[in-house]
Amino acid sequence: QVHLVESGGGLVQPGGSLRLSCAASGFSLDAYAIGWFRQAPGKTREGVSCIAISDGRTRYSDSVKGRFTISRDTAKNMVYLEMNSLKPENTAVYSCAADVDGSGWPLYAGRYDYWGQGTQVTVSS
């Protein structure tokens, strides 16, 4: 079993930056990938980015390409999401999730197996 905890959310002005962290424990080394997803009130959950644990391959949704960067620190069992040039429409609860067998690659939320509780990101003036 994998336990995930997100941190790093908060209030930021448009154009600003935040770095989210996802701390993994349990059998995290068995996971194929870690993904970041977000959900705003009244909207469906959408995939943001994901990273393959073994080789560091990454994927991004079109809406965040060029602005967000996902990375991993395997020694620390950590995955990060650097978010730059933030926009008000990026306001959401951001969650990290573990895809154990790779069936969720790249960002099929229904195929990810373990989820954190989420961290709130608010982009506002």
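One disulfide, defined as a pair of cysteine sulfur atoms within 2.5 Å, was identified by this rule. The structure is a predicted model, in which local features need pLDDT of at least 70 and side-chain atom pairs count only at pLDDT 80 or more, while totals for chains, interfaces and linings use all residues. Residues are numbered from 1 along each chain as its sequence is written, and side-chain values use heavy atoms, with hydrogens and water left out.

The disulfide is formed by C22 and C96, whose sulfur atoms are 2.1 Å apart. The torsion about the S-S bond of C22 and C96 is about 75°, and the disulfide is therefore right-handed. Distant parts of the chain are linked by this pair, as C22 belongs to strand β3 (residues 18-26) and C96 to strand β9 (residues 92-99), 74 residues apart. Strands here are DSSP runs (E, at least two residues), numbered from the N terminus. C22 is buried at 1% relative accessibility, where buried means under 20% relative accessible area (1.4 Å probe, protein chains only). C96 is likewise buried, at 0%. C50, by contrast, takes part in no disulfide, and the nearest cysteine sulfur, that of C22, is 13 Å away.

Aromatic contacts were also examined. Rings of Phe, Tyr and Trp (its six-membered ring) pair if their centres lie within 6.5 Å, with planes under 30 degrees apart counted as stacked, over 60 as edge-to-face and the rest as tilted. By this rule there are 4 aromatic pairs. The rings of F37 and Y112 have centres 5.0 Å apart and planes at 80°, so this pair is edge-to-face. Both F37 and Y112 are buried, and ring pairs link these two residues and W115 into a cluster.

Notes
Helices (H or I, at least four residues) and strands (E, at least two) are DSSP runs, numbered from the N terminus. Buried means under 20% relative accessible area, exposed over 50%, partly exposed in between (1.4 Å probe, protein chains only).
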